[in-house]
Amino acid sequence: MQASIRCTTGRLNGRTAERHDGRTTGHITHCPNHQIKTEKKSADQSEQYKYRVAMSHISYLIILFYSYLTPFFSPDYSLSVMSAVSEPVAIITGAASGIGLALVKHLIAKGWRVVMADINDVAGLQAAQDLGSDRVVFHKTDVGSWSDQVSLFQRAWQWSGMGRLDLLVANAGIFRPDDICDTGSDDTPKEPALEVLKVDLFSVFYGLKLFVHYSKKNPQPSGKVVVTSSPTGIYPFPFGPEYCSAKHGVIGLVRSMGPRLQKQGIYINAVLPGFVLTGATPAAVSSLVPEDYLTSLGAVCKAYDMFVDDFTHFGQCLEVSVDKVYFSNPPAYCDEAQAFITSEVWTKLD
Ligand SMILES: NC(=O)c1ccc[n+]([C@@H]2O[C@H](COP(=O)([O-])OP(=O)(O)OC[C@H]3O[C@@H](n4cnc5c(N)ncnc54)[C@H](O)[C@@H]3O)[C@@H](O)[C@H]2O)c1
């Protein structure tokens, strides 16, 4: 049996000397790479060491096998793989009801496959089941949570057969005003409740970042993003300043990112639906709105079509009011100085 030489100091502490000096026999008294002391170990210990190394390699291979191959045996993957190549795949958030659910039905009818995302899993699972289609899958998601959205996109990518992700409709939204003027009677007012900003604004940044990441993996790196904003994203709305700010915010995002993303083959636009009767519209308000001021779900779906089916628009905002659509442009620059500072000077850095 060979004698084994083990380093006792230096970076190779605990590893046999033959790993770095190439010599495995004889009476080695120092390690040439590290100028370190060595000690002689018995041949038995060397055999044990080799056994441990072999076992760790086997464990590593088992972990690799599971992490790479498990997805291919999942029901999602096997269900999807046959149709993955031909049919476009969309993620729709806030898909369990209202505008989101109407869009799910609309896209399925047009031959899409849709990942329905919503925080309400009871309604979402029920809606997916009612659709009775293998073209949809529901994934419980709080869009205000980055990790939930990561998991949503991973699931969607897997379900698509790891081959394509064509569209994100960032639609989930809440209307939950917090009265800034109500400062209470305590010395210090309560912290404002800004959940609306998380759900209606931050979530769109999360989804967009993930969509850009996955769209690069598409066979043709490209895709569409449509964000559901609101007319309150361009007009003042004293009854819900948080909502109004969030909806303004997503328009800023869409207009800013439109031209940049278009260079990467991604077309981002926003739809601003008028007053649509859904779970989000309070009954007290609905009862005050004349019927001929209502916008139908059908009209809203047609507005989405203008962006989903088209490759000319990017960074655009489309208002839908009753049965008409209107492109909403940014305000004109007040003067040459602002035009230069806000827009032109930056292009010189490209
Ligand atoms: N209904 C209107 O008149 C109107 C007008 C303009 C804009 N919008 C916008 O349209 C979008 C859809 O609203 P709707 O009218 O269909 O309302 P809705 O309440 O019917 O649908 C919103 C969906 O979003 C889901 N949701 C809420 N918080 C979520 C979260 N954290 N994560 C994931 N999902 C969440 C809800 O469970 C619900 O299913 C919203 O962004 C809303 O602001 C609605």
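Start by selecting V254, which lies in helix α8 (residues 241–262). Helices here are DSSP runs of H or I with at least four residues, strands are runs of E with at least two, and both are numbered from the N terminus. This is a predicted model, in which local features need pLDDT of at least 70, side-chain atom pairs count only at pLDDT 80 or more, and totals for chains, interfaces and linings use all residues. Residue numbers start from 1 along each chain as its sequence is written.

Is V254 buried or exposed? V254 counts as buried because it has 25 C-beta neighbours inside 10 Å. The cut-offs are 20 or more other C-beta atoms within 10 Å of its own for buried, 12 or fewer for exposed, and partly exposed in between, with C-beta atoms placed from the backbone.

Two residues are in contact if their C-beta atoms, placed from the backbone, lie within 7 Å. Then try F314, which is 60 residues from V254 in sequence, yet their C-alpha atoms are 8.2 Å apart in space.

**Next stop: strand β7**

Select V169, found in strand β7 (residues 167–170). V169 is buried, because 28 other C-beta atoms lie within 10 Å. Not counting residues up to four places away in sequence, V169 touches A90, I92, T93, L103 and V226.

**On to helices α4 and α10**

L103 is one of the residues through which α4 meets α10. Select helix α4 (residues 98–109) together with helix α10 (residues 297–308). Their axes come within 10 Å and cross at roughly 65°; axes are lines fitted to C-alpha atoms, for helices over the stretch in contact, and angles run from 0 to 180 degrees between N-to-C directions. Which residues make the contact? On α4 they are I99, A102, L103 and H106, and on α10 they are L297, V300, C301 and Y304. By class, that is seven nonpolar, one polar and no charged residues. Nonpolar means Ala, Val, Leu, Ile, Met, Phe, Trp, Tyr, Cys and Pro; charged means Asp, Glu, Lys and Arg; the others, Gly among them, are polar.

**The ligand**

Stay with α4 and show the ligand. Helix α4 gives the largest share of the shell around it, three residues. In total, 28 residues surround the ligand, and the closest are G94, G98, G173, T278 and A280. The shell has eleven nonpolar, 15 polar and two charged residues.

Select helix α6 (residues 146–159) and helix α7 (residues 195–215), whose axes come within 10 Å and cross at roughly 30°. W146, Q149, V150, F153 and W157 in α6 meet Y206, G207, L210 and Y214 in α7. By class, this contact has seven nonpolar, two polar and no charged residues.

**Zoom out**

Finally, show the whole protein chain. How many helices and strands does it have? The secondary structure comes to eleven helices and eleven strands. Of the 350 residues of the chain, 34% count as buried.

How values were computed:
Near = placed C-beta within 6 Å.
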